[in-house]
Amino acid sequence: MFHARQEGDLKVLARFSQFVGNTFALWVLLFAVLGFVMPETFRQLTPWIVPLLGIIMFGMGLTISGRDFAEVFRRPVDVGIGVVSQFLIMPLLAVILTRIIPMSPEVAAGVILVGCCPGGTSSNVMTYLAKGDTALSVACTSVTTLLAPIVTPFLMLMLASEYLPVDAWAMFVSILKLVLLPLALGFLAQKLVPGLVRGAIPALPLVSVTGIVLIVAAVVGASKGAIAESGLMILAVVVLHNGLGYAIGFLAARAAGLSLTRRKAIAIEVGMQNSGLAAALATAYFSPVAAVPAAIFSVWHNISGAIVASVLARMK
């Protein structure tokens with residue numbers, strides 16, 4: 001009887017976790033507002049941004065399979081187009097926007113940092129909803145995430161050092177700790193305790209959403225003054241960055257001769273960034289103000305991703 005009740009509790013948790021995952025954008029928006037309204041409460045979470053990101057990446061490691069990497073070797077050209085588009089289009093768009101739109105050095109560095117980060121895991125869900133090539137999306141996210149410790153600091157050194165000092169080596173070490181170590185531990189847990197991992201997977205959306213919303217609330221709480229002063233300008237930059245990323249990603253995939261389902265995957269992969277990583281790095285190496293673009297991106301790209309996915313799903 002106890003076992004049956006335990007199974008029932010797990011099913012309830014799994015359903016709640018799925019509901020939270022499906023309404024991700026609303027929770028992020030809600031906690032962004034709460035962070036702005038109650039800054040004193042949420043800015044206290046700032047020291048927890050890095051551990052929270054580590055937990056999120058550990059959860060991603062629990063879901064990565066050998067099939068994801070097999071996809072890389074099965075379709076190296078498609079994955080290569082996605083990876084190059086990710087690390088070329090978004091950083092260059094960020095630089096162009098910081099040149100065109102007047103903004104403080106801290107905000108400019110934050111915008112470029114968002115552009116230099118790997119693809120976000122939400123892109124995989126949005127690609128599925130768009131009826132795109134989900135396997136390609138997952139492979140691109142995995143590869144850009146693994147390349148991030150080298151590529152992100154290098155791009156930041158090249159593109160953002162005119163705004164703020166960039167310690168590329170320290171950033172490299174941080175991304176190893178923040179991203180690759182938790183990913184590796186999650187992947188290892190799959191092999192060592194597969195039964196436990198299978199039981200935990202239904203709760204992962206709840207864990208990931210909780211981590212992201214707390215990171216967003218912490219950044220917003222710590223940067224309320226900057227958001228009140230220039231939040232609309234930063235929102236405009238984020239909307240342009242994200243929207244142009246989708247459009248140019250789609251066009252780049254079409255120019256490369258990829259099928260429609262693959263174009264959808266590349267477009268969404270390019271447009272959606274790992275803004276949690278950007279927020280953690282900005283807080284650690286620049287300032288809470290530099291993390292504001294990442295926080296706003298976290299809110300916006302989940303809203304825009306759902307809209308873009310619904311539009312692309314109708315394309316046949």
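**Pockets and helix packing**

Reader: Let's start with the second largest pocket: what volume does it have?

Author: About 350 Å³. This is a predicted model, where local features need pLDDT of at least 70 and side-chain atom pairs count only at pLDDT 80 or more, while totals for chains, interfaces and linings use all residues. Residues are numbered from 1 along each chain as its sequence is written, and side-chain values use heavy atoms, with hydrogens and water left out.

Reader: How are pocket and volume defined?

Author: On a 1 Å grid over the protein atoms alone, a pocket is an open set of points where a 1.4 Å probe fits, with protein on both sides within 12 Å along at least five of seven lines; lining residues have an atom within 4 Å of a point. Points are joined across faces, edges and corners, and the volume is the space filled by probe spheres set on them.

Reader: Which residues lie nearest the centre of that second pocket?

Author: Ala-32, Ile-227, Gly-231, Leu-235 and Ile-296, out of 15 lining residues. Helices H2 (24-37), H13 (224-255) and H16 (292-313) each supply at least two residues of the lining; helices are DSSP runs (H or I, at least four residues), numbered from the N terminus.

Reader: And how does that lining divide by class?

Author: 14 nonpolar, one polar and no charged. Ala, Val, Leu, Ile, Met, Phe, Trp, Tyr, Cys and Pro count as nonpolar, Asp, Glu, Lys and Arg as charged, and the others, Gly among them, as polar.

Reader: OK, what about the largest pocket?

Author: That one holds about 1400 Å³ of space. It has 50 lining residues, and Thr-121, Ser-122, Asn-124, Val-125 and Pro-205 are the closest to its centre. The lining has 24 nonpolar, 23 polar and three charged residues.

Reader: Switching to packing: at what angle do H4 and H15 pack?

Author: About 155°, with the axes of H4 (residues 49-63) and H15 (residues 275-285) 9 Å apart. Axes are lines fitted to C-alpha atoms over the stretch in contact, and angles run from 0 to 180 degrees between N-to-C directions.

Reader: Parallel or antiparallel?

Author: H4 and H15 are roughly antiparallel, a term for angles over 145 degrees.

Reader: Who touches whom there?

Author: Ile-49, Val-50 and Leu-53 in H4 meet Gly-276, Leu-277, Ala-279, Ala-280 and Thr-283 in H15, where contact means heavy atoms within 4.5 Å. The classes here are six nonpolar, two polar and no charged.

Notes. Angles under 35 degrees count as roughly parallel, over 145 as roughly antiparallel, 65 to 115 as roughly perpendicular and the rest as oblique.
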